[in-house]
Amino acid sequence: MMSKRKALMPDVFKRRKRVCVGGLAKPTPSSPQWGSDSEESISAATPSDTKAALMYLCSLFPKQTYEGRIPPIIMKHQLYSVVKNKTLVDRQLNDLRAAHEVKMLKLGNEVDEYCLVFTHDYRNHVNMFYGQELSKTVERFLEGVVSRTNEMCVTQQIMTDHNFTDVEITQLVNAGVLTVRDLGSWWLAVPGAGLFVKLFTKGRKAVLASIRKSKYKEILKQELESRKMTASVKLGMAYHIHDIIGADLVTCIETTSGELLRLKDD
């Protein structure tokens, strides 16, 4: 039984030789594929490929550095750098959202993408962000709405059903847990998300610029990982490598010297 369970563990927790095509990891014939049909019957006690990938990516996030300021935030496309089967990722992600384990949020105009936060991390972040100044309105919102919805936005009807007045909705917007979507609806939001957007955007630009300056606009992944760019890449090099691979900004090529990242044409 143990040998079978080990065989089902995602590649991210093992050292296997992989080939990366089109920015997505592809195992060699001798190793199982994340998201392959043979792995879809994982037992309930074992995290799905997508949840395991999300947990791994969260482990790369510098939690201690930004504790109380921003929670571990993962961009949805980063999952595609770990799990090849996008359809499986989307389906399993929907399952995680339906179980209220994960929140999917929109980060505004600067990053036209969706981000993911574990629900417990979101709640802990809001509590730490405000500390003793956490209002009863925000606390009631966390308990009554955030814990019970898997949607990215809430409507006037939902807020009315939970007995929130217009004045209290304004308080939630001011607190940063809601942002206006349009008349009568609001996006769920992360207090302090502006800091994440700034760090994420700056870090991505720095990593891409570093590759662009390399010969032939390509670099071995191992060499890129070893570069010291802490001043501009504050979320960590490994975190941003998964970003540029998942966003399909680079082509991954397996060579005798290791995995090569080649910048795609602008």
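Biologist: Which residue in S11 is the bridge partner of Val250?

Modeller: In S11, Leu263 is the bridge partner of Val250. The model is predicted: local features need pLDDT of at least 70, side-chain atom pairs count only at pLDDT 80 or more, and totals for chains, interfaces and linings use all residues. Residues are numbered from 1 along each chain as its sequence is written, and side-chain values use heavy atoms, with hydrogens and water left out.

Biologist: What makes S10 and strand S11 (residues 258–263) a pair?

Modeller: Two strands pair if DSSP finds at least two bridges between them. Six bridges join S10 to S11, and the two run antiparallel. Strands themselves are DSSP runs of E with at least two residues, and helices are runs of H or I with at least four, numbered from the N terminus.

Biologist: How do you know that the length of helix H10 (residues 193–212) agrees with expectation?

Modeller: The expected span is 1.5 Å times one less than the number of residues. For the 20 residues of H10 this gives 28 Å, and the end C-alpha atoms are 28 Å apart, so the two agree.

Biologist: Which residues of H10 are called buried?

Modeller: Buried means under 20% relative accessible area, with exposed over 50% and partly exposed in between (1.4 Å probe, protein chains only). Those in H10 include Phe196, Leu199, Phe200 and Ile211. Of the 266 residues of the protein, 47% count as buried.

Biologist: Why is helix H6 (residues 119–130) called roughly antiparallel to helix H7 (residues 136–146)?

Modeller: Axes are lines fitted to C-alpha atoms, for helices over the stretch in contact, and angles run from 0 to 180 degrees between N-to-C directions. H6 and H7 pack at about 175 degrees, with their axes 11 Å apart. That makes H6 roughly antiparallel to H7, because angles over 145 degrees count as roughly antiparallel (under 35 roughly parallel, 65 to 115 roughly perpendicular, the rest oblique). Tyr122, Arg123, Val126 and Asn127 in H6 meet Val138, Leu142, Glu143 and Val146 in H7.

How values were computed
Contact = heavy atoms within 4.5 Å.
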